[in-house]
Amino acid sequence: MKEMSTTGNNSTLGGQQPRKHYGITSSISLAFPREIDHIYTQKLTEAMKPFGVFEGEDELNHRLAVLGKLNSFVKEWIAEISESKNLPTSAVVNVGGKIFTFGSYRLGVHTKGADIDALCVAPRHVERTDFFSSFFEKLKRHDEIKDLRAVEDAFVPVIKFKFDGIEIDLLFARLALQSIPDNLDLRGDSLLRNLDIRCIRSLNGCRVTDEILYLVPNKENFRLTLRAIKLWAKRRGIYSNMLGFLGGVSWAMLVARTCQLYPNAVAATLVHKFFLVFSKWEWPNPVLLKQPEDSNLNLPVWDPRVNPSDRYHLMPIITPAYPQQNSTYNVSTSTRTIMSEEFKNGLTVTDEILQGKADWSKLFEPPNFFQKYKHYIVLTASASTEENHLEWIGLVESKIRVLVGNLERNEYITLAHVNPQSFPGSKENHNDNEFVSMWFIGISFKKLDNSDCVNIDLTYDIQSFTDTVYRQASNINMLKDGMTIEATHVKKKQLHHYLPPELVQRKKKSLGDINRSSNGGGSKRCSLDGSQLDSSRDTDVGTPFSSPTPVSKPCQPASTPEDSSISPPKHPVLVFTDSPPASEVSPPKPEQGMSIPVIGSKTIATPVAKPPAPPAGNTIPTVVGRSVIPRITSSSPSLAELPNSVNGAPKRPHSPSLEDPPKRHKDTEVFSDDSAFKEPYPPNSNGLDGEEGPTVEGLSATKPMPIPTIDTSRSQRLPSSLLTDNNELSTGCPLKSGTTLV
């Protein structure tokens, strides 16, 4: 295996050993740290301590003790299985077995209370069915093990449990070996021969983690830098592979690449260089830690030259271990734009820190998601029991990126920004016996220069998403009574109906403070960065677009009540339509079991009734005015007249109006050949900040008309998004001639 690249030294003469370097290119700088760099690094460490990113000695020793016990269990179990399968006594004694760790714990960057990702490696005569039967039963009999559950049919099968208070996710892989020695190195590609795909997937985490550690020049500097970047990403709300941002392994590879480019730098310098490199990175050029190699095992790898679907990946970060894969296939145009702006903001802040104008604490300031947009979609998932709720929100959260992709493809939407943090439902909006979680998606609308109004209908976007969730829940027999999804459109001023007032007010207050400190002299770049995502928790399809800019002539605000009698699990309908003059405003009149609009309008001479909080269990069709060319809309059947689909959910026949052709058909995927390789347009300084540019001012007094839709759900952007481990890849090298890497 090629361990690292080499390049010739300037003074190299015949026979002289060339100087080694890390990565696929030579370093940008070999400068050694100055005394001030060590001082800044110490200050960085102190700034991270209040966030609990460092574990105490006692807790570290406790983890080691737990892993030691687990390793002993594995050896005992494999010996017992070997005896039951009539292996000779001499073979049973030496059969071995071992626990390997991977993820944040293996990298040495885990936080207090974090779980441990582990892999049980067994010899060839131990079957996967043994792991999920006899080993599971062995764990069940142990008093120190709690919350034991097996997920055998997962993409990567796993047993989850708590061992003496430490959460552990344990995978299984059997190798084509007679015994497993204690000094086994999983980095060798030959170990993958004759393995089934589930074992290869299970081994991948350990192999990638070990390869990352091997490819960085200084592990301690890498670890401290990665701790800082992971904390920053979580605080800024861009740490979630599941929702289309980056997960832990992706952040680790970006930091590792930075370490390769500045091999002698300390953590404070590396954090700054991280933002410098990736704020200027020309996506979708891939990030690679080593030159991809073909081990002739015929396993699928990431290669856009061979696999056309790989060409649509917007932010490829390629794992260094064979088979190479893209760890960021969930990234969309919206999430890439959000992360790119966060990189620029991070560069601005670290510039100030290294100039002595700010402290490291400024880098970890939370964003202002709830002051950032004028319009939001509130996605609500509810269930009747706590157990059902935990199961239900896991499925819903894993599909939110489908909704974001649907919204991105709407011709009037330029950005759909999901906040990775979920919030509990308000007691006053839901029944006491319901368990509710909410996610918030900020919406930016396209700039339109005309003064007329037009319908903006998100009915299909929402319903195709709920169709997908309900259908999958039904297919895996998860759907139970009381499991519902609701999508509601609200304006910023209505957020207090869903969130604690102090949360919204606090973030509103901090917006000005952060903008003032970030903007300084009114920098355009900082005006966008001053208000980003809300703080996120640690969790794990599109086409390029231009950033939003202000509407020239907004419509006059108006509002009207719109009732809907959709009952879960029927699909929610979300509608945007024309706005009449403000004088036609009438207060909403909620009825029992009916939906009510929650959209407000700006203060005008005519009194406008404040919309009440939404009742529990109802979806809310909403109406927003837009400044665009008017269009003719055809009538469509009411939901009550439509046939039912999964679990009684309404279907709508596809009968587009005469004006539908200008809008992209929603029942097919549309990609341009080069769309994945275009850079998003440079964000406008007003594009995402505070009072978002393309404002949508009011409500309509006319009845909103939903676009008729078909029953089938939209397919996801890439086939790989259906495969958590991206196993659709093809072989080869991802680099093109002229690829820009730094």
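Me: What makes helix 7 and helix 9 oblique to each other?

Reply: In this predicted model, helix 7 and helix 9 (residues 267-279) pack at an angle of about 50°, their axes being 9 Å apart. Angles under 35 degrees count as roughly parallel and 65 to 115 as roughly perpendicular, with oblique for the rest. The pair is therefore called oblique. The crossing of the two helices is right-handed.

Me: Which residues make the contact of helix 7 with helix 9, and how do they divide by class?

Reply: Helix 7 contributes Asn-221, Leu-224, Thr-225, Ala-228, Ile-229 and Trp-232, and helix 9 contributes Ala-267, Leu-270, Val-271, Phe-274 and Phe-275. By class there are 9 nonpolar and 2 polar residues, with no charged ones.

Me: Why is helix 12 called roughly antiparallel to helix 13?

Reply: Helix 12 (residues 386-408) and helix 13 (residues 459-475) pack at an angle of about 150°, with axes 9 Å apart. Because angles over 145 degrees count as roughly antiparallel, helix 12 is placed in that class relative to helix 13. Helix 12 passes helix 13 in a right-handed crossing.

Me: What residues form the contact of helix 12 with helix 13, and of which classes are they?

Reply: On the side of helix 12 the contact includes Trp-392, Leu-395 and Lys-399; on the side of helix 13 it includes Asp-461, Phe-465 and Tyr-470. The classes are 12 nonpolar, 4 polar and 2 charged residues.

Me: How do you know that Arg-34 and Asp-37 meet in a salt bridge?

Reply: The N to O distance between their side chains is 3.1 Å, and the cut-off for a salt bridge is within 4 Å. The pair is therefore counted as a salt bridge. By this rule the count comes to 22 salt bridges.

Me: Why is Arg-34 called exposed and Asp-37 buried?

Reply: Arg-34 has 54% relative accessibility and so counts as exposed, the threshold being over 50%. Asp-37, at 10%, counts as buried, since that term applies under 20%.

Me: What makes the pair of Asp-210 and Arg-106 a tie between parts apart in sequence?

Reply: The side chains of Asp-210 and Arg-106 meet in a salt bridge of 3.0 Å, N to O. Asp-210 belongs to helix 6 (residues 197-215) and Arg-106 to helix 4 (residues 103-107), so the pair ties together parts that are 104 residues apart in sequence. Asp-210 is buried at 13% relative accessible area, whereas Arg-106 is partly exposed at 30%.

Me: Why does Lys-344 count as partly exposed and Glu-341 as buried?

Reply: Lys-344 has 21% relative accessibility and Glu-341 has 2%. Because buried means under 20% and exposed over 50%, Lys-344 falls in between as partly exposed, and Glu-341 is buried. The two form a salt bridge, with the closest N and O atoms 3.3 Å apart. Both lie in helix 10 (residues 333-354), 3 residues apart, about one turn of the helix.

Me: Which residues are linked in a network of salt bridges?

Reply: Glu-55, Glu-59 and Arg-63 are linked in this way.

Me: Why is Pro-217 called partly exposed, and what does Pro-217 touch?

Reply: Pro-217 has a relative accessible area of 26%; this lies between the limits of 20% and 50%, and so the residue is partly exposed. Pro-217 is found in the loop between helix 6 and helix 7 (219-235). Not counting residues up to four places away in sequence, Pro-217 touches Tyr-22, Cys-259, Gln-260 and Pro-263. Pro-217 and Tyr-22 are 195 residues apart in sequence, yet 7.0 Å apart in space, C-alpha to C-alpha.

How values were computed
Residues are numbered from 1 along each chain as its sequence is written. This is a predicted model: local features need pLDDT of at least 70, side-chain atom pairs count only at pLDDT 80 or more; totals for chains, interfaces and linings use all residues. Side-chain values use heavy atoms; hydrogens and water are left out. Axes are lines fitted to C-alpha atoms, for helices over the stretch in contact, and angles run from 0 to 180 degrees between N-to-C directions. Helices (H or I, at least four residues) and strands (E, at least two) are DSSP runs, numbered from the N terminus. A crossing is left-handed if the near helix is turned anticlockwise from the far one by less than a right angle, and right-handed if clockwise. Contact means heavy atoms within 4.5 Å. Ala, Val, Leu, Ile, Met, Phe, Trp, Tyr, Cys and Pro count as nonpolar, Asp, Glu, Lys and Arg as charged, and the others, Gly among them, as polar. Buried means under 20% relative accessible area, exposed over 50%, partly exposed in between (1.4 Å probe, protein chains only).
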